[in-house]
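These are my notebook entries on a single protein chain. I set down what I looked up, entry by entry.

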Amino acid sequence: MNSVLNNSDLYYRLRNLGMSGGMIHFGSHPDDEDEGLLVYVARKIGGRAVYWSATRGEGGQNRIGSYQREALGIYRTWESDSARAVDGGECLYGPFIDFGYCKNADEPLENWGREQLIKQVVRAIRLVQPQVIVGRWQGIADDFHGHHQAVGLAICEAFAAAGDPNKFPELSQVGLAPWQPQKFYLSTNNTGGDQSVGGAINCFGFYNPDYERDGILRLNTGEYDPIAGTTYQERAWLATNNHRTQGFGLAPNPGDFYYYFILQQSLVAVPARENDLYDGLDPTLTGLVDYPGEGSPFLREKLAAIKALVQDAIAQFNPQNVKLVAESLIAGLKILRETRANLATAKLAPQAEKAIDYSLARKETEFEDVIAQVLGLRLECLSDDAHVIPGQQFRLHSRLWNYREVPIGEVTFKYHLPQGWTQQEIDGEVKSVVGLAFSSHSEVTVAQQATLTTPYWLEQTPERYTYTWPNNEADSRPFALPLISAQCQVNLGETTITLRQGAFLREAFTGGYRELDVKVIPPISVQPVQSRKMLSVQSLAQTFVLTVVVQSQTEHGSIEGTLRTEAPPDWQVEPQRIAIVLDKAKDTKTLQFTVTVPANKPAGDYTIRYVINVGERDYDVALAPVRMGYPGLPGVPNESNCIRETFILSPSSVTVRLLDIKFASGLKYAYVKGAAEEVVEALADYGIAFHLISDEEMGYLDLTQFDAVVVGPNAYLVRDELKKNAERFLKYVEQGGTLIVQYHNYSYEGKGYTPYPIHYNQPHDRVTNEDNPSPEILIPDHYLMNNPNPITTNDFLGWVQDVGMYFFREWDKRYQPIVACHDPGEPPQKGGMLITEYGEGTYLYTGYTFFRQLPAGTPGAFRLIANILSIPASRLQMRAKLLKTFALFSLMSDEELLTVARMISGRYYPTGEYLIRTGDESREMYIVVEGEFEIIEEKAGSEKVIEVAQAGEILGEIGMVGNIKRTLSARAKVDSRVLVIEKQRFRSLIYQYPIIAEHIMQILVSEGNLL
């Protein structure tokens, strides 16, 4: 927001004019910073405090809304801007994409490029020209996150490279001269061991005796700031609380608060126990003389004079009488300009002269801004519209407000417009209004081929791990400079200053007001309802319908265009072309297209593109707004009440992804939604429908009507009714149902939610290497890996952010691990997919990230989830196939075998446990599917193993035809699994299929088996 600065802000800025001692704090994500350090440097020292983040945090969480990925990165950039507005610092960014959690530095150094990461740190140093750099992370395991470790390692190398003219000479070619910081610190882990906030974050400010030693600097940000009326740390927490998407909420309390910093390297002499960040340095303007000014007497004289005038201005500061302050500052500005003009007099080396001039040019702009603020001069540039379209005309209104009515000479306005735009002054001259303002009004015409507005790092399609920057002055900054800006030159007698202001629309809305920068958007946006359509490979032609919404983006009147589709050559799309007429501003229409896919199209991606022609220009972009609302206003911010807004441009196209995939048919599913996820929606293309279980029906819904119930990520955490009814869901499994549970955090353990005990490691086991998580199929012949799709290790490659999380570390032996994956240097993680028989049904837990993979269209994840959803059918087919191998059931039809299979339950027997005891009533028959059982004859207190039953044998079938007791015992020789048929059900089979009774009599006669 273009808010008016108050007198305390003015005092801070005034004090900063005499300083050159900047500091950069380097981190990986927008919320990594030691917040108190930024406030301390900006507010106490008066230096330039910059926080550089390698990423914009687009791979992080969002606890307040639905924005993810690029949109989340934009939102977190706004949050950081808001934080810096409180702490007095600035933000800079690297071009690196936050691809999610990783365990060590190897992955980000490979993905981002080690040399590129070092270069970007060097670039930031040369851009800011700090005396001091502070690394938030040390490049060690204690940094908790691989991104942290990578940045920590890069800073160490960049410290020396920043001042070396032979390193990254291309930076010098864009005006960034070599610059050597004089001191290099590293933050310490002062958490006291509390890692609950996700790493080494100093939330407590403990006095730490372990750090009270030589080489470590202690700063107390609990000191009182008399200008703000708070401690520096209180202001720091107010700034931190702007990171709302990350769930930050810290109460600002007074009192001592300590940060400890390790002095990693110093190029100046310092005491063993330092007292301040700038010990050994001159952080004022004259510090430039020491470096890079080579001790120049010319520079020392000039900069000392400027510094003295700034000190005079500070001493004379009085908001009610600014004449003396302004005179001192104007005199300082005059000397500053003379110094730049005569810099050759200092006879510096070329690179040193370039660095000094770069620093003084920035200081000149700061002087102009502060002089204007002191004198009560304020420039505004108001636009009639925040959104403009190519070819549109709109008006700009520039005003110079002269609140203190200081004597002003000539005033000239100038607009900076994008290439091809034109401007025509309406009144033809600058006018004075009631003596308080000068104004200029112009009509601007947007170029017909004007570039559409999107954040500069998204102008080009990003690589997988990095953004492509436009290679201009926007690079590294939170956002590009305003699209349109006004400059106003003001004559103050012998001195002229230039004021600068971006153009914006100012307007009120219910609950507040806003100031929105001008942005160019397409006249008509084309938004496909879905950007990806998932289909299976078919031997016949397939037909489906795509829906697209077109919306007028003009804010004035009607608009027309022609929409056409572009599809693969042998595909058919009807209609191919539609004339569009939108009668009023923001009008919308929903259109449908029927697409026919030819038969036998191979697996792969196919693109259907929408193009709309308006005013002889083609547009093929979808417009996705990203908006921030006014704090405290209810609801999701919209076009009419957002206070910040930008747009992500993406191709207005649909990717049709054909997969070689099959799903079981005829099954009925239910789903318990968990945390924000789109699993149900992602499966809809394949005709997989779910009944979404509501909280209201959780306690009474008849679950047995469903073949399988799927529980969404962290549903037991966020759905209280599911917690209350957890026992019902396990009872459903016991009665023959299939329960599929996606990843849950630690709260899932020990609450009775699982059929058998499980245990998580803390921190939880996870696999983050998406390119190659070293997959291993542990039970290759398990139906889960074969039916209906053969699963191979290739199906686990090329996943998106995180392969899996919250894997079980330990589990009861009755669970079977199916797949193992792991990151480099780690043992196989087998707890990511476990299955068990429970009663007559099946329970499966998976930590694999289907909630991310399915919306992203990851082929292997779709094939795997198809097999998981097919468990009810696959289980029956597996059992029926097994039954067919036994003489008892060999004459039954496939349909009859499935009937028998439905009567079967599974059971696990650990080594030494008895399956059958001599003298027991014969109530069950068993089929050994895994392991071995000793058949034991017991007489006179002794026992004799007379044989060993192997997998594939039937035990206890004779007892099914009469009321006889067991004459032998069966004991598990090794951990074993059996299928069980109860006697009552078996007898009903005999009545229905008498042939089974005949087989049993034959076995009785031939073998005399009375088990």
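**Entry 1. Aspartate 225**

I began with aspartate 225, which sits in strand β7 (residues 224–225). I note that the model is a predicted one. I asked which side chain of opposite charge is nearest to aspartate 225. It is arginine 235, at 4.9 Å. A salt bridge requires a side-chain nitrogen within 4 Å of a carboxyl oxygen. Aspartate 225 has no salt bridge, although the residue is buried. I then listed its contacts, setting aside neighbours within four places in sequence: Tyr12, Arg43, Thr230, Thr231 and Tyr232.

**Entry 2. Helix α15**

I next examined helix α15, which covers residues 726–734. Its buried residues are Ala726, Phe729, Leu730, Tyr732 and Val733. Viewed down the axis of α15, these buried residues fall within an arc of 150 degrees, so they line one face of the helix. I recalled the general rule here: an α-helix has 3.6 residues a turn, so residues three or four places apart point the same way. Just after α15, I found glycine 736 with a positive phi of about 120 degrees.

**Entry 3. The chain as a whole**

I then turned to totals. The chain has 1011 residues, and 55% of them count as buried. I recorded 21 helices and 51 strands. Along the principal axes, the C-alpha atoms fill a box of roughly 125 × 75 × 50 Å. The accessible surface is about 41700 Å², with 48% of it belonging to carbon and sulfur atoms. Of the contacts between residues at least 6 apart in sequence, 74% join residues at least 24 apart. I also noted 93 positive and 124 negative side chains; the centres of the two sets lie 1 Å apart.

**Entry 4. Salt bridges**

How many salt bridges does the chain hold? The count comes to 58.

I looked up the pair of arginine 337 and glutamate 368, whose closest N and O atoms are 2.7 Å apart. Arginine 337 is partly exposed at 25% relative accessibility, whereas glutamate 368 is buried at 3%. Both residues belong to a network of salt bridges that links Arg337, Arg340, Asp357, Glu364, Glu368 and Arg500.

I then followed arginine 564. Its side chain meets that of glutamate 566 in a salt bridge of 3.3 Å, N to O. Glutamate 566 is partly exposed, at 28% relative accessibility. Arginine 564 also forms a salt bridge with aspartate 618, with 3.1 Å between the closest N and O atoms. Aspartate 618 lies in strand β29 (residues 617–619) and arginine 564 in strand β24 (residues 559–566), so the pair ties together parts that are 54 residues apart in sequence. For aspartate 618 I noted 40% relative accessibility, which counts as partly exposed.

**Entry 5. Valine 128**

Is valine 128 buried or exposed? I found valine 128 buried, with a relative accessible area of 1%. The residue is in helix α4 (residues 106–128). Not counting residues up to four places away in sequence, valine 128 touches Ile24, Arg48, Val50, Leu92 and Arg362. I also looked up phenylalanine 850, which is 722 residues from valine 128 along the chain; their C-alpha atoms are separated by 43 Å.

**Entry 6. Backbone details**

I checked two cis peptide bonds. One runs from tyrosine 291 to proline 292, with omega near 5 degrees; proline 292 is in the loop between α8 (287–290) and α9 (297–315). Another joins glutamate 574 and proline 575, with omega about -10 degrees. Proline 575 is placed in the loop between β25 (572–574) and β26 (577–582).

Lastly, I looked up positive phi values in residues other than glycine. Lysine 586 has a phi of about 65 degrees and is found in the loop between β26 and β27 (588–597). I recorded lysine 586 as partly exposed, with a relative accessible area of 23%. Asparagine 600 has a phi near 60 degrees and is found in the loop between β27 and β28 (604–614). At 56% relative accessibility, asparagine 600 counts as exposed.

Definitions and conventions. Residues are numbered from 1 along each chain as its sequence is written. This is a predicted model: local features need pLDDT of at least 70, side-chain atom pairs count only at pLDDT 80 or more; totals for chains, interfaces and linings use all residues. Side-chain values use heavy atoms; hydrogens and water are left out. Helices (H or I, at least four residues) and strands (E, at least two) are DSSP runs, numbered from the N terminus. Buried means under 20% relative accessible area, exposed over 50%, partly exposed in between (1.4 Å probe, protein chains only). Lys and Arg count as positive and Asp and Glu as negative; His and the chain ends are not counted. Contact means heavy atoms within 4.5 Å. The arc is that of the directions from the helix axis to the C-beta atoms. Accessible areas come from the Shrake-Rupley method with a 1.4 Å probe; for residues, only the protein chains shown count as cover. The place of a charge is taken as NZ of Lys, CZ of Arg, CG of Asp or CD of Glu.
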